[in-house]
Amino acid sequence: MGNGTVLQHVDVLIVGAGLSGIGMACHLTRECPGKTYAIVEARHDLGGTWDLFKYPGIRSDSDMYTLGYDFKPWKSDLSIADGPSIKAYVTETAEEYDVMRHISFARKVIGASWDSDTSTWTATLDHLDGDGTSTGETSTITCNWLQMCSGYYSYTNPHRPDFPGEDDFRGRIEHPQQWPDDLQSRADLEGKKIVIIGSGATAVTLLPSLAEQGAHVTMLQRSPTWIFPAPNKNPIVSGLRKVLPETVAYKAIRKLNSARTEMIYNQSRKNPEKVKAAINKEIKKALGDEFPMDPHFAPSYNPWDQRLCLSPDADIFEAIKAGNATVVTDHIDTFTETGIRLVSGDHLDADIIVTATGLELLALGGVTPNVDGEQIDLADTFTYKGFMYSGVPNLGTTFGYINASWTLRADLIAHYICRLLNKMTENGSTRAVPVVTDPDMPRRPYVDDFPAGYMQRNINSYPKQSDRDPWTASQSYKYDRKVLLGPDVDVDDGVMEFSTPVAAATPVNA
């Protein structure tokens, strides 16, 4: 199995060596030191998102004091970090906790079958070659607990709509998720006319970076996005790091930032006009008087109806003021040989068109679990506390927040699963399954009240949540800390059914 430790059986199999998977492995090392584990990763390196995306300017869209792990301080004063720095942080963490030897690269899980008689999952692995295609060879590994840390979107198939006339365009069409190596440097980009289709976090990140490399960039949007300009160095953060021990300062900053983010989100739901006014004030300050906010920076929806984009040090607005970038709000009529003709009749000349059109949601990395010979349609299940599935034993998944840092929730889930595994060891159970006692519970989408296109396109393939705990997928870190880590929380909650199989599996190491 790649370059990892070759095992036939482990206590915990982690799928994915990105931010979540490496974090899960470290939590196991810290909290369940007696458990054996392995990680399988389809790519040839760790990092997940931060290894996949190579487009210029790739960076975090939430602050690193909350995107970082709760057990490993982020040591820079910069709140927003570039992709290579985040990958280096994940790699350093993996090395510190001796995770690397447990990872098998170029192994993609294509099947997962549960056997109740032995309380084991059997994962079927496809062996991949250098370009990510199958070699035709497969292998299997068994585990007692299967933890899916494969993210929430397809790594191989981004969302890419067809555009009228695109075959006529004589330039290059690129998607950020599949960014080529020959469009990285100033020599590659200087003087190029680039049109970015889209206005989400990726487009907002790409525009200033491409402009900095000497390209003239136009961001073509159908409608504006809320963009919040913020300094990349917070004086409060810098001050705390100077006067407090590193670990203490990190915990304080993490608590401060998570609380501030949640407060802004809650205010956007309760008093959206107030939040609009605050954001507009900062945009106005960043743009200056020469550039009108309407229509390009005046969204028709409230903040956090879709994800709020960050602009560290107002970089997108600085690029616009410098004359290196423009924003156009219009609709595409057709691609032409030399660019894009708009519905308004205007024409955007382009050497390169970037389709920053988003991600394609993919639950469990595309794996359909099989329980005792029956395929499970996740859409027919209820989510348990946002990370397990009703009727599916010993299977966890990591899904972060939509309105805050991914890792805030990934850490909470990892802590809870470690408690659950220790509870199973303590009472001699080998199987834990959430059981629904009221099948007539209301069914709501896994992510509710968030109409972003990338989320709505395929959210129906995810499990449902209901109107009562533990069958909800909270988007509140404050609430989740209480229900997942609170001192009075018992993993044996009367909903999780613990049992021991008819015949126990005998783990055999190769």
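This is a predicted model: local features need pLDDT of at least 70, side-chain atom pairs count only at pLDDT 80 or more; totals for chains, interfaces and linings use all residues.
Two residues are in contact when their heavy atoms lie within 4.5 Å of each other. The protein as a whole has 13 helices and 23 strands, and 54% of its 510 residues are buried.

**Overall dimensions**

- A compact globule of 510 residues would have a radius of gyration near 24 Å, and the protein agrees with this because its own value is 24 Å.
- The C-alpha trace spans about 75 × 50 × 50 Å along the principal axes of the protein.
- Take the contacts between residues at least 6 apart in sequence: 73% of them join residues at least 24 apart.

**Helix pairs**

- Helix α11 covers residues 406–427 and helix α13 covers residues 477–485; they pack at an angle of about 5°, and their axes are 10 Å apart.
- Angles under 35 degrees count as roughly parallel, so α11 and α13 are roughly parallel to each other.
- Sorted by class, the α11 and α13 contact holds seven nonpolar, one polar and four charged residues.
- A second pair is formed by helix α8 (residues 246–270) and helix α9 (residues 272–287), which pack at about 120° with axes 5 Å apart.
- With that angle, α8 and α9 are therefore oblique to each other.
- On the α8 side the contact is made by I264, Q267, S268, R269 and K270, and on the α9 side by P272, K274 and V275.
- The class count for α8 with α9 is three nonpolar, two polar and three charged residues.

**The five-stranded parallel sheet**

- An open sheet of five strands runs in the order β7-β16-β8-β9-β12, and its pairing is parallel.
- The edges belong to β7 (172–174) and β12 (325–329); each has a single partner strand, so one side of each is left without a neighbour in the sheet.
- From one strand to the next, the twist of this sheet averages 20°.
- Within the sheet, β8 (residues 193–197) and β9 (residues 216–221) run parallel and are joined by five bridges.
- Helix α6 (residues 201–212) lies across β8, β9, β12 and β16 (352–355), and it runs at about 165° to β9.

**The three-stranded antiparallel sheet and L342**

- Another open sheet has three strands in the order β13-β14-β15, with antiparallel pairing.
- Its edge strands are β13 (332–335) and β15 (347–349), each of which pairs on one side only.
- Neighbouring strands here are turned by 20° against each other on average, direction ignored.
- Three bridges join β13 to the antiparallel strand β14, residues 339–342.
- L342 has its place in β14, and I332 stands opposite it.
- The C-alpha atoms of L342 and I332 are 4.6 Å apart, although 10 residues separate the two along the chain.
- L342 has 2% relative accessibility, and because buried means under 20%, L342 counts as buried.
- Setting aside neighbours within four places in sequence, L342 is in contact with L220, V328, D330, H331, I332, D333 and L348.

**Strand β6 and its partners**

- Strand β6 (residues 134–148) pairs with strand β1 (residues 9–15) in the parallel sense over six bridges.
- In that pairing, L13 stands opposite L146 in β6.
- Strand β5 (residues 120–128) pairs with β6 in the antiparallel sense over seven bridges.
- The bridge partner of L125 in β6 is S139.
- The hairpin of β5 and β6 has five residues between the strands, and its G132 takes a positive phi near 85°.
- Strand β21 (residues 395–397) runs parallel to β6, and three bridges join the two.
- Here M148 stands opposite T397 in β21.

Key
Residues are numbered from 1 along each chain as its sequence is written. Side-chain values use heavy atoms; hydrogens and water are left out. Two strands pair if DSSP finds at least two bridges between them. Helices (H or I, at least four residues) and strands (E, at least two) are DSSP runs, numbered from the N terminus. Axes are lines fitted to C-alpha atoms, for helices over the stretch in contact, and angles run from 0 to 180 degrees between N-to-C directions. Angles under 35 degrees count as roughly parallel, over 145 as roughly antiparallel, 65 to 115 as roughly perpendicular and the rest as oblique. Ala, Val, Leu, Ile, Met, Phe, Trp, Tyr, Cys and Pro count as nonpolar, Asp, Glu, Lys and Arg as charged, and the others, Gly among them, as polar. The radius of gyration is taken over C-alpha atoms; the globule rule is 2.2 Å times the number of residues to the power 0.38. Buried means under 20% relative accessible area, exposed over 50%, partly exposed in between (1.4 Å probe, protein chains only).
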